[in-house]
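Biologist: I would like to learn how to read a model like this one. Could you walk me through it, feature by feature?

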Amino acid sequence: TRVLAVRGGTGHVQVSKAFKITGSEDRGPTAVGLKLRTERIAGNGICLGIGGSQLTLRYNLVPPVPDFRLQLIMKYEVEGRAEKSSEPLSADWRKLEIPESQGDDNVLLVAMGKESLIRPQVDAYQAAGARVRLVMPHPIALYHAYRQPHKTAPRETVLLADLGGRESHIALVA
């Protein structure tokens with residue numbers, strides 16, 4: 001389990017502490033909550049990263065429409081997926097600004113996860129004294145860890161990789 005404590009605001013984020021809970025130690029929410037307290041890190045706004053076995057990331061192409069209509073389209077998209085899966089979903093989406101994209105369609109990145117897989121983790125962290133502010137897919141967290149403090153040169157392409165024992169995340173940032 002990797003933990004980063006960050007400070008800052010929009011456009012400026014700084015890592016104030018970083019640690020890993022490894023080996024035979026309990027690596028669950030209780031261990032994280034205890035470590036946060038011993039390191040004197042406030043656990044009142046955790047961003048919980050979740051892996052690929054608990055969610056689906058996909059791209060959607062949607063014709064250009066006003067923002068209010070785009071929100072309705074995505075609402076119905078998520079409701080349709082929840083109906084097909086026969087259980088509630090947690091979902092969010094973001095319109096990507098891709099200057100090199102072909103055509104006029106909006107490119108949307110959509111993340112969806114079954115509540116039955118996500119809710120127990122959130123509840124366990126809450127019970128350990130850590131308030132989960134948001135849940136974020138690991139690959140998106142990798143991208144944000146790079147983009148927040150670092151500005152790339154124009155036309156620079158960067159490979160980001162987080163290689164782990166159970167899953168790996170690779171992002172190409174152009």
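**Strands, cores, a pocket and a loop**

Modeller: Gladly! Let us start with Val 107, which sits in strand β6; helices (H or I, at least four residues) and strands (E, at least two) are DSSP runs, numbered from the N terminus. This is a predicted model, where local features need pLDDT of at least 70, side-chain atom pairs count only at pLDDT 80 or more, and totals for chains, interfaces and linings use all residues. Residues are numbered from 1 along each chain as its sequence is written, and side-chain values use heavy atoms, with hydrogens and water left out.

Biologist: Is Val 107 buried or exposed?

Modeller: Buried means under 20% relative accessible area, exposed over 50%, and partly exposed in between (1.4 Å probe, protein chains only). Val 107 counts as buried because its relative accessibility is 13%. Its C-alpha atom is separated by 5.9 Å from that of Lys 95, 12 residues apart along the chain.

Biologist: Which residues is Asn 60 in contact with, leaving aside neighbours within four places in sequence?

Modeller: Contact means heavy atoms within 4.5 Å. With those neighbours left aside, Asn 60 touches Met 74, Glu 77, Asn 106, Val 107, Leu 108 and Val 110. Asn 60 belongs to strand β4 and is buried, because its relative accessible area is 9%.

Biologist: How many residues has the largest nonpolar core?

Modeller: A nonpolar core is a set of buried Ala, Val, Leu, Ile, Met, Phe, Trp, Tyr and Cys residues joined through side-chain atoms within 4.5 Å. Here the largest has 17 residues, and Phe 19, Val 32, Leu 36 and Leu 48 have the most contacts inside it. At least two residues of this core come from each of β1 (2–9), α1 (29–38), β3 (46–50) and α3 (115–127). A second, separate core has nine residues, including Val 62, Leu 70, Met 74 and Val 78.

Biologist: How do the residues lining the second largest pocket divide?

Modeller: For this sorting, Ala, Val, Leu, Ile, Met, Phe, Trp, Tyr, Cys and Pro count as nonpolar, Asp, Glu, Lys and Arg as charged, and the others, Gly among them, as polar. The lining divides into four nonpolar, four polar and four charged residues. On a 1 Å grid over the protein atoms alone, a pocket is an open set of points where a 1.4 Å probe fits, with protein on both sides within 12 Å along at least five of seven lines; lining residues have an atom within 4 Å of a point. β4 (55–62), α2 (67–85) and β6 (106–114) each supply at least two lining residues.

Biologist: And what is phi of Ser 86 near?

Modeller: Most residues other than glycine have a negative phi. Ser 86 has a positive phi, near 65°, and is found in the loop between α2 and β5 (89–96). Ser 86 is exposed, because its relative accessible area is 66%.
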